[in-house]
Amino acid sequence: MKIDQPIPVTILTGFLGSGKSTLLNALLASEAFADTAVIINEFGDISIDHDLVRVNKRELMVTTTGCLCCTAASDIRSSLFELYDAVESKAAPPFKRVIVETTGLADPAPIINQITPGGLPAVGYRDHVVARCFRLSGVVCAIDVTMIEETMERHFECMKQVAFADSVVLTKTDLGAEAAAAPDLSGLLPKIRQINAAAAIVDRHGNDFNLAAVFAPRRYVPSEQGADVEGWLALEVALAQQGQTHNDATGASRHAAAGIQSLALLESRPVSPRNLATFIELLKAVGGPQLLRLKGLVRLEDDPERPVVVHGVQHAIQQYRLPAWPSDDRRTRMVVIAHGLDEAVVKNLFTAITGISARAKAQLVLTVAGLSVLGFALVAGLLLLLHERATARFEPPPVIQNATRPQR
């Protein structure tokens, strides 16, 4: 691979459900961004987003699971070298730029340290190739204006994502017509400026929004992002020198140590639309604010050839159908990301949508009954709901819109 100039790398970050994949899909639809290589990092053991991001034949995509900021096997240098090696071996065509979509939980500091001069030192052939062939050319942060303030209060990673960005894209600003979700931008913008005074801030739904300009290669200098950013980068270098970058002393990732877990749910048999609706209702009731993210592809009984995409952030969960399966894998696949939620509860609830047996129903009731925090009223409600679902055989299933991906 002949490299005259380092290939620009843009990091696309933003918390869970902030609209990163929507931005990326819009970008890849542009002819101006042909010859783009994409690295998609997902928090979980199975990949969902690689089926939901529309990559054409001209683009090259690498997907990683785990988290780039804390999983050694998924570090950014390995992914960039994989792209380089694919072109070198003529297994893939050359590309002009790289866009890295991080998991919504990613801390940008360890990622940026791996691909900026002065960060982590290169220690082998792979690292030297990456340092010579790639350069960081921008950090774009997608911000869901309806949830950003609450999210920053609860998750420090979210605030760091905003702080490291040199371009901030405000998403879901078109929800102004819905009074309950109407964002107060006049109050929000000063708060963003307190965290990041230097970044350009643009409105995804503004009349002058230019997506190509947001992702145009530019000079990214961490020191120009403020003293906090410099301090966080220096801390990561110090931790790396002590061998503590990727895992804590127990071997758990930094997210697991904070009580955040990812649970993969798989099922080969088609799922009843009614049972899917039951699962989502129960998961929202049980998870509450502990449910950070739900996403997946579901194979429904009424139309197994057109999967339903389930896309949820806390209590807001959307569904829409795809015209066809995006890959040969036609199993129902869902990832649940939660904070402090009992995995057994989620697994038992999932059993409800995959053909619940009497024994499984009994286990589910016992599990739910064991959650003292839910109280008697919720348990009774769940039992009534299960009873209703089990006996309402002849009622029509709930309607799922044949809509395209929601615009955010």
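A nonpolar core is a set of buried Ala, Val, Leu, Ile, Met, Phe, Trp, Tyr and Cys residues joined through side-chain atoms within 4.5 Å; buried means under 20% relative accessible area (1.4 Å probe, protein chains only). The model is predicted, so local features need pLDDT of at least 70 and side-chain atom pairs count only at pLDDT 80 or more, while totals for chains, interfaces and linings use all residues. Residues are numbered from 1 along each chain as its sequence is written, and side-chain values use heavy atoms, without hydrogens and water.

**View 1. The largest nonpolar core has 52 residues.** Leu80, Val98 and Phe134 have the most contacts inside this core. Helix 3 (residues 76–88) gives the most to the core, with 6 residues; helices (H or I, at least four residues) and strands (E, at least two) are DSSP runs numbered from the N terminus. A second, separate core has 24 residues, among them Val271 and Leu341.

**View 2. Phenylalanine 134 and its contacts.** Beyond neighbours within four places in sequence, phenylalanine 134 is in contact (heavy atoms within 4.5 Å) with Pro6, Ile7, Val9, Leu80, Tyr84, Phe95 and Val98.

**View 3. Threonine 10 in strand 1 (residues 7–13).** Threonine 10 is buried, at a relative accessible area of 4%. Residues up to four places away in sequence aside, threonine 10 touches residues including Val98, Ser137 and Phe215.

View 4. Strand 8 is joined to strand 12 (residues 332–339) by 8 bridges, and glutamate 267 has threonine 332 in strand 12 as its bridge partner.

Definitions and conventions:
Buried < 20%, exposed > 50% of the residue type's maximum accessible area, 1.4 Å probe, protein only. Pairing = 2+ DSSP bridges.
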